[in-house]
Amino acid sequence: MAKRKTAGRGKRAGSTRGSGGTQQDAIALLKADHRQVERWFEQFESSRSDSKKSELAQKICEALTVHTMIEEEIFYPAFYEATEEKSIHHEAEVEHDGAKKLIAKIKSSGPQDDYFDARVTVLSEMIKHHVREEEKRDGMFGKARQSDMDLKALGEQLAARKAQLMGAGEPDSGMRRQVSTSTPIHRSMARLAKRMGVA
Ligand SMILES: [Fe+2]
Ligand SMILES: [Fe+2]
């Protein structure tokens, strides 16, 4: 397999512990995300309360939004560059696209929607399939371990970006905050437009 030079190469990092202490390597971090979301999907399935379902669906959608984002921004490009495994890389991205569409639908609906449970169930099935593909022996993570990707350095980058996105309350909440911050400006612009007779 031909390999090109990449900034993320140089060291194999199979350990979850490096000089920085308990820093997870990239694969350990991404797998921990997978396990967390699986637990929430299981809780959703056994939940009978609408408010609990709504809370879990929200957590699942936020976690998956951050997870797919850090994979697409950091891990997937490093994987593709180091291994040139085009079909594994492209199929993973296409699966993300499918999940994102469903996530958007779930976020804009709620347990009162007749299709809400069906959407979360199908999302769970899609994610199970996707996670199996990423984690299987000759899947993306297995091939990444066999490559000379610097998984420890990538783990640090993933953790930093994840913290940044979660600190912003995940991208959508960040947008919500932005909207609420700008509301007074919008209000004064609306008043101004009204005074000018254009609204
Ligand atoms: Fe993943
Ligand atoms: Fe993924």
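**View 1. Tyr-115, an exposed residue in the loop between helix 3 and helix 4.** In this predicted model, Tyr-115 has 11 C-beta neighbours inside 10 Å and therefore counts as exposed, a term used for residues with 12 or fewer other C-beta atoms within 10 Å of their own, whereas 20 or more make a residue buried and the values in between make it partly exposed, with C-beta atoms placed from the backbone. Tyr-115 belongs to the loop that links helix 3 and helix 4, where helices (H or I, at least four residues) and strands (E, at least two) are DSSP runs numbered from the N terminus. Lys-105 stands ten residues from Tyr-115 along the chain, and the C-alpha atoms of the two are separated by 9.7 Å. Residues are numbered from 1 along each chain as its sequence is written, while chains are lettered from A and ligands numbered from 1 in the order in which they are written. Because the model is predicted, local features need pLDDT of at least 70 and side-chain atom pairs count only at pLDDT 80 or more, although totals for chains, interfaces and linings use all residues.

**View 2. Helix 3 and its two sides.** Helix 3 takes in residues 86-107, 22 residues in all, and reaches 31 Å from its first C-alpha to its last, close to the 32 Å expected at 1.5 Å a residue, the expected span being 1.5 Å times one less than the number of residues. Its buried residues are Ile-88, Ala-92, His-96, Ala-99, Ile-103 and Ile-106. They cover an arc of only 80° around the axis, which puts them on the same side of helix 3; the arc is that of the directions from the helix axis to the C-beta atoms. Turned away from that buried side is a face with the exposed residues Lys-86, Ser-87, His-90, Val-94, Asp-97 and Lys-101. The cover over the buried residues of helix 3 includes helix 2 (50-83), helix 4 (116-135) and helix 5 (140-146).

**View 3. The packing of helix 2 against helix 3.** The axes of helix 2 and helix 3 lie 10 Å apart and meet at an angle of about 160°, where axes are lines fitted to C-alpha atoms, for helices over the stretch in contact, and angles run from 0 to 180 degrees between N-to-C directions. The two helices are therefore roughly antiparallel to each other, the word for angles over 145 degrees, while under 35 counts as roughly parallel, 65 to 115 as roughly perpendicular and the rest as oblique. Among the residues of helix 2 that meet helix 3 are Cys-61, Thr-68 and Tyr-76, and those on the helix 3 side include Ala-92, His-96 and Ile-103, with contact meaning that two C-beta atoms, placed from the backbone, lie within 7 Å.

**View 4. Helix 1 and its buried face.** In helix 1 (residues 26-46), the buried residues are Ala-26, Ile-27, Leu-29, Leu-30, Asp-33, Val-37, Trp-40 and Phe-44. Seen down the axis, these residues fall within an arc of 165°, so they line one face of helix 1. Exposed residues on the other side of helix 1 are Ala-32, Arg-35, Arg-39, Glu-42 and Ser-46. Helix 2, helix 4, helix 5 and helix 6 (151-167) are the elements against which the buried residues of helix 1 pack.
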